[in-house]
Amino acid sequence: MSEAKKEKQGFSRRKFLVRAGIGVGLLVGTTYCLPIRRKIAETINTAESPYLGSTDEPQIWFEVKPDNSILFHCPKVEMGQGTFTGLAQIAADELEVGIEQIQVVHAATSTGNIDQFSTGGSTSINSLWMPLRELAATMRVMLINAAAAQLGLEASSLSALNGVVSGGGKSITFGEIVQAVSEWEVPDTPPLKDVKEYKYVGKPTPRVDLRDKVLGAPIFGMDASLPDMLYGSVVRPSGIDTKMVSVDVSEAEGMPGVVKIVQEDDFVGVVANSYVEAEAAKQKIKVVWEAAKKWDTFNIEEAILVGKGNSTEIQKEGNAKKLLAEGEEGLIVSEYFSPIGAHAQMEPNGAVAYVEEDKATIIMSTQVVAITRKEVANRLGFKNEQVIIQPTFLGGGFGRRLHTPNAMQAALMSRAVGKPVKSFFNRKEEFQNDTFRPPTHNVLKARLTTDGRIEAISHDISSGDVMFGSPLLPGILQKLIGADLGAWRGGMIQYHGIPNYRAVSWRVKLPFATSWWRSLGLLANTFAIESFMDELAEKAGKDPISFRLDHLTETKADVRLAKVIQRAAEAASYRNTPADGRAMGFACSTDVNTPCAHVAEVSITDGKIKVHKVTCVMDPGLVVNPDQVRAQCEGSIIMGLSAVLYEKMEVEDGALYPVLYGAYQIALMKDAPKEIDVILLENDDVPGGVGEPPMGPIGAAIANAVYRLTGERVRRMPFSAK
Amino acid sequence: MPTTFTLNGKSVTVQADENSPLLWAIRDELNLKGTKFGCGKAACGACTLHVNGKAVRSCSYALKFAAGKEITTIEGLSSGDELHPVQQAWMEEIVPQCGYCQPGFIMATAAMLETIPNPTDEDIDNNIVNVCRCATYYRMRKAIHRAAEIKSQTT
């Protein structure tokens, strides 16, 4: 076998770790890694998401226990997206065990099997689809071979089912097999099963964390505690673009329950006996903050306009620039805006930290285990190996936990008092110190031919940073990538049948942190493009569905998109004219290789937009868990609806507001559509992303319906209808 | 001054400041973590529990008001191995995603069903006003109707 082929096939024997241990049975792991830069470049090039695993050894993936249960140390964190369940299904099918035998836990840095990059970007199932199947299949063959030796039978006469190897009238459990083996023979990666043979993959398996979540089990970072633990609270600025110039802790020191005031160069915090005491004492710490400038919403809206930042052309076909510059006549121009958005995840950011003389333990919700560890280690002057990060279930991620300096702050407070310290944001701090969804300005221009086709189109996307400035993207890669692909996500023209098209990304530096928010630029960029497509269809005198289809080609991506468009229009019985006070709006997008189309059915009463029904057709390729893919569609639709109808952060007198739920309006039960009809197509043989793609079209679908009711185009999020 | 109340059927006494929120006494002194902290201002409902059978947002409910009362948290909602009808319905409909807000919703729903055993969609809209950022509302609504059905069959 050639070297190249070997690498493609998966795990090399050399790197396959097998270890027998007392009371454990068998630990199986491996490194599955390419150099990280090559992988990132590969990701950008193909839009596939390779798994960016750790190169540390050992990496424990599975433990087979004597009672025949299997512990799966999962490198991806569970934040609601259902990844634990999907990955357990995949593992169970290749291992030949019942899914109930598998207990999925978060891999900690102590078992090595942590993701070097992040959990996010709708990549978990896609990136682990091959590696996890190969690993599990190899492990199954190892177990069968060991059983053959123990039972005195040929391996070929044995088969595995539900964690039991049987044949020749004999049977033995995986748990029993591993008890009797100390030396393991590692075979070449066996052929994988046909997907049709899978028992769990493709079936609506209930979530593995369902019962814990219904019982209120203590599974989140906020629920963690350690013996003798104290509570820390960090003073965080209300204002943006501020520097701490002086601190007076004299009054705080005398507050009840205070153990220590911890002052560092970049923050001040208080450690006390209880959360309530720590919060009360913090209010008495007097910090003088100096702001470079008192920003307000007007300044931000000015700054974000197309033309203000630095531009990079991200897409070019034909000669759109020239064609759209040739005079005003026949030129169609529209613009759209989106505001600053907050993550507002329900579980505040926090950490439990315990720093001892030569090691640190951090228990927390994080999407970036490896980066959190590195930041803590650097700040404490420890080596990476001295820092144990134990990830927990996340009470929502949405991109907010890709930035975790709070771990380091908790660690410093713990070191200062010599005891474990738990520290977390209060809600006001969450709202004012978020890494926000950046505001955007989108300008679209087009020219139609005399027979009503798009001759040329351009899309200018101006946004604050998403990926740039993130610790996830080293500076050197920014140069390689050129433009912030988080900001322009969803901004490329997807109608490849248009002869001339162009997209330009404008980068604006804002005075507050902006970053990844579920689906990144997809929601706002699709709102712009797909609203514009409806405008163009009307100007061309065409039906919006056939107009879209007319501009797609025969490429695989375009055909998949065309199929979801057609199916959504059919399933919703899409119509252009309102009936009984309700109108329909259509929109579609493709994100991480997953095309999705929505039809929203909308009414307006006293200026209030109400979404009654959404028909969602999505083609994520192979579906591992139809029930959870549906759940992601339902959640994305309602969260997206919330963002486009209600959510907006304002900048007033140098600070971001509001600071509480309610004032920061989020969709509630009463706002959720009563009908959500999800139809899944599977026009690809690998699983694509599902956690973000269904958010893409929801804004434009609602906006296009609103237009049909009011005759006025919606140009700004959050929408209003007069 | 110590505060004594009944928690999930057992008498408990806590030493915390009687003006501090009940939430923290339950989470940090009595070590029941199912009742969540979301906002601290009674705006999100993650901390919902029952005080004498009524849904209360415990982050903004002073400990002293709990004195002598019956407090039920998510940990005490089911009896033995038998899940409460609301929890059963939540399992059937596979409602939770991240799961953080779910105990609050389950407690709010359980309290509502005591006074409105067969809620309409409008009843649900008016009474279940917690925040779920994963936006699991679509399944929750189905689960609430299902819970009402299960409850009517078992009582």
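A cavity here is a set of points, on a 1 Å grid over the protein atoms alone, where a 1.4 Å probe fits but cannot get out, and its lining residues have an atom within 4 Å of a point. The model is predicted, so local features need pLDDT of at least 70 and side-chain atom pairs count only at pLDDT 80 or more, while totals for chains, interfaces and linings use all residues. Residues are numbered from 1 along each chain as its sequence is written, with chains lettered from A in the order in which they are written.

Two cavities of 30 Å³ or more turn up, a volume being the space filled by probe spheres set on the points, with grid points joined across faces, edges and corners. Around it sit Arg437(A), Pro438(A), Thr440(A), Ser463(A), Val466(A), Ala487(A), Leu520(A), Gly521(A) and Ala524(A). That lining splits into five nonpolar, three polar and one charged residues (Ala, Val, Leu, Ile, Met, Phe, Trp, Tyr, Cys and Pro count as nonpolar; Asp, Glu, Lys and Arg as charged; the others, Gly among them, as polar).

The second largest cavity comes in at about 30 Å³. Its lining consists of Ser463(A), Gly464(A), Asp465(A), Asp484(A), Ala487(A), Ser505(A), Trp506(A) and Arg507(A), that is, two nonpolar, three polar and three charged residues. E22(A) gives the most, with three residues.

Conventions: Side-chain values use heavy atoms; hydrogens and water are left out. On a 1 Å grid over the protein atoms alone, a cavity is a set of points where a 1.4 Å probe fits but cannot get out, and a pocket is an open set with protein on both sides within 12 Å along at least five of seven lines; lining residues have an atom within 4 Å of a point. Helices (H or I, at least four residues) and strands (E, at least two) are DSSP runs, numbered from the N terminus.
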